[in-house]
Amino acid sequence: MGLIRTALFNWAFARHNGGSLVFRIEDTDASRDSEQAYQALLDGLRWLGLDWDEGPEVGGAYGPYRQSERGHLYADIAKRLLEAGELYEAYSTPEEVAERRRAAGQDPQLGYDNHDRYLTEQQRAELREQGRTPVLRLRMPDEDVTWHDLVRGEITFQAGTVPDPVLVRGNGDPLYTLTNPVDDALMDITHVLRGEDLLPSTPRQIALYRALTRIGVTTGRPEFGHLPYVTGEGNKKLSKRDPQSNLFHHRDRGFIPEGLLNYLALLGWSIADDRDVFTVDELVQAFDIRKVSANPARFDVKKAEAINATHLRALDVADFTERMLPYLIAAGVLDPYPSDSDLETLRAIAPMVQERVTVLSEAGPLVRFLFVDEAGFEPEESASSKALTSDALPLLDAAIAALEAMSAWRTEEIENTLKDALVERLGWRPRKAFTPIRVAVTGRTVSPPLFESMEILGRERSLARLRKARERAANAAA
RNA sequence: GCUCCCAUCGUCCAGCGGCCUAGGACUCCGCCCUUUCAAGGCGGCAACGCGGGUUCGAAUCCCGUUGGGAGCACCA
C-alpha cells in the first residue's frame, strides 16, 4: 500500500506540475520478484486509473541494460570516475574490514572503514598479484552532506558517517548505487519521490551526483522527497514489495478506485482542513508535495470504507449498478450473463442498495432474495428462529389476508395496507410488526426498504414467501 | 551499537508565536428521523510524551530526554 501511495503522490505531483512521469522499480538482477512487483504495481495503477508517460522495460530498470549497450555505458562512466579519482579500487574483504574494526575496539557494524583509500600504487600491485580483484568505491566527501528534502526539509548527514560505498563489483558488474543515479541523470529525472527507507542512501547518491557533475556526465541533481511509511495494525511497515496482495484485496472487497485513491491521498496529506472527500481532479489541482506529512500513517480500514461509501453514493445509479454487477456475479447472486429481467430487477433495487453499502461486496447479501428461485428460497436460520415464531402467526395471517385483497401491487399501497392491517387493526408497534414480514420476504432482518422490496419482488412471490413463513410459524407453535 | 527520520484525540489530518478553554474526519456512545439497516440532523467521550530554555506570550522556535521507525551488503 505504501508503494501504491508513493506512486499516487508521484502521479499527482507530475500531473499537478504538468511534468512527465516515470515509475521505476530498480533491480540490477531483474529477478522474478522484481518483475512481479513491477507488474503488480502497473496493474494496480491501471486499475486505479493512474496513467504514466513512459517507463523502463518490464523487469526492472537495470537487469536488461547490463547485457546491452547500457552496460558499457555504466562501465565507461565508472572508468571515467576512477580516472578522475572519484572512485578508488578497494581490495579489503568484509572479513578484513570487520577484523580491523574489532582490532580498533570498534563495532564491526560500523561498516567499511575507507582503508583502501590510502593504498599506494605499490600496495595495490601487490594485492593484485595475490589474485585479488578490487571493487570500486566512491570517495565520500569530507564535509557534511545536506539537502532540502521535499517533505522533510533540511536533512544533514555528518561527514564521516557514511562509509565509501561500492559502486562496481569485483567482477565488473555495476551496482544499484551506481546505476540509480546514472539512470536518473540520463533520463533527466528532476524529482525523486520515494519511500523513507531510501533516505539513508541519499547522501551517497548526492555524492555520486556531484562526482558525475565534475566529470561532466550531468549537471546538478534531482530534488528528493522521502515519503513516510504506511503501516498496518501495530507499527510495522505494510506490504513491502507486494502492493498487489493488498490493493487487489481491497478491490475484491468492493473498493472503487475513486474511494481508495481519495483515502490513500488523505494518508499523509490533506486537501483542506475541513474536507476529506474529493475527486481525483481536485487532488491533482490541489496537490502540494511540501504539504505531505512526514509521519508514518496507519492504514485505517474503517475510515477507508467510510470514504469509499461516500464515493459510492456519489455515483449515478446506472454507474453504481454497473459496478455492482461483477460483485453480484462473483457472489453467485447473478448468473455471469444475467437475463434482462434480472437486470431490470437489479436496476430497480440499486438505488436502495447504493446508500446502504460501504463496499460493493456487501451488495450481494442485500439483494440475494430477489434472485433466488422460489423453491430454493429459505430465510436465514438466525433471522427466522427469532422472527418467525408462534407470536408472529396472527401477524402473518393478517398480512396475507390483507395483501391478497389488494388491487394494485405498489409500494405505497403495500405500505398502507400493511400498516392498516397490522398497526391499526392488530395494534402492533410498527417496529415489531414488520420484522416477521421482512424476514419472511427477504430472509433477513436487515434488508432494503421492505415495501419497495415487496413491490420489486412481485405479488405472487411475496405472498408465497409469506405463506411459507406462516407455515413455519405454525410449526414453531406446535 | 552507529547514522538518520518521526512525535497533536484510539486512527488520519489541521494548527506553521497570540484567533487554541486545540479544529475537522473516521471509530465509539447518546438523541432526532424511521418499517429493519443505512443515509441525514444534533450532541458527547477523547490529544499537544516529558523536562528545560527563548519570548510579554509556545501545540507552534531551540536544546535535552523518552518513545517509535528506518537504514547500516560486492541486495535493491
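A residue is called buried when its relative accessible area is under 20%, exposed when this area is over 50%, and partly exposed in between, as computed with a 1.4 Å probe on protein chains only. Helices (H or I, at least four residues) and strands (E, at least two) are DSSP runs, numbered from the N terminus. The model is predicted, and local features need pLDDT of at least 70, side-chain atom pairs count only at pLDDT 80 or more, and totals for chains, interfaces and linings use all residues. Residues are numbered from 1 along each chain as its sequence is written, chains are lettered from A and ligands numbered from 1 in the order in which they are written, and side-chain values use heavy atoms, with hydrogens and water left out.

In helix 20, the buried residues are Leu450, Phe451, Ser453, Met454 and Leu457. Seen down the helix axis, these buried residues fall within an arc of 160°, so they line one face of helix 20; the arc is that of the directions from the helix axis to the C-beta atoms. Contact is defined as heavy atoms within 4.5 Å. The buried residues of helix 20 pack against helix 14 (340–354), helix 15 (363–371), helix 17 (393–404), helix 18 (411–425), helix 19 and helix 21 (459–477). Just after helix 20, Gly458 takes a positive phi of about 100°.

A nonpolar core is a set of buried Ala, Val, Leu, Ile, Met, Phe, Trp, Tyr and Cys residues joined through side-chain atoms within 4.5 Å. In soluble globular proteins, nonpolar side chains tend to be buried together. The largest nonpolar core of the model has 56 residues, and those with the most contacts inside it are Leu418, Leu422, Ile437, Met454 and Leu466. Helix 17 gives the largest share of this core, eight residues. When residues up to four places away in sequence are not counted, Leu418 touches Ala399, Leu403, Val423, Phe434, Ile437, Phe451 and Met454. Another core, of 47 residues, lies apart from it and includes Ala37, Val230, Leu264 and Phe299.

The surroundings of the RNA were examined next. A residue is near a strand if one of its heavy atoms lies within 4 Å of it. RNA strand B is surrounded by 58 residues, of which the closest are Glu26, Thr28, Arg152, Arg356 and Arg438. Among the atoms of RNA strand B within 4 Å of the protein, 68% belong to sugar or phosphate, and the rest belong to bases. By class, the surface near RNA strand B has 23 nonpolar, 13 polar and 22 charged residues. Here Ala, Val, Leu, Ile, Met, Phe, Trp, Tyr, Cys and Pro count as nonpolar, Asp, Glu, Lys and Arg as charged, and the others, Gly among them, as polar.

A polar contact is a pair of N or O atoms within 3.5 Å; within protein, one must be able to donate a hydrogen and the other to accept it, and residues adjacent in sequence count only if both atoms are side-chain atoms. A polar side-chain atom of Arg431 lies 3.0 Å from a phosphate oxygen of RNA strand B, and an N or O atom in the side chain of Ser293 is 3.4 Å from a phosphate oxygen. At Pro449, a backbone N or O atom lies 3.4 Å from a base oxygen of RNA strand B. Two or more residues of the surface near RNA strand B come from each of strand 2 (135–138), strand 4 (153–157), strand 9 (297–298), helix 12 (301–314), helix 19 (430–442) and helix 20 (450–457).

Arg137, found in strand 2, counts as buried at 11% relative accessibility. A polar atom of the Arg137 side chain lies 2.8 Å from the backbone oxygen of Asp164. His311 is placed in helix 12 and counts as buried at 9% relative accessibility; its side chain makes a polar contact of 2.6 Å with the side chain of Asn262. Ser92 is in the loop between strand 1 (87–90) and helix 5 (94–103) and is buried, at 13% relative accessibility. The side chain of Ser92 makes polar contacts with the side chains of Arg100 (2.9 Å) and Asp116 (2.5 Å).

Positive phi values occur in residues other than glycine, including Asn114, near 65°, and Asp188, near 55°. Asn114, in the loop between helix 5 and helix 6 (121–129), is buried, with a relative accessible area of 16%. Asp188, in the loop between helix 7 (176–186) and strand 6 (191–195), is exposed, with a relative accessible area of 61%.
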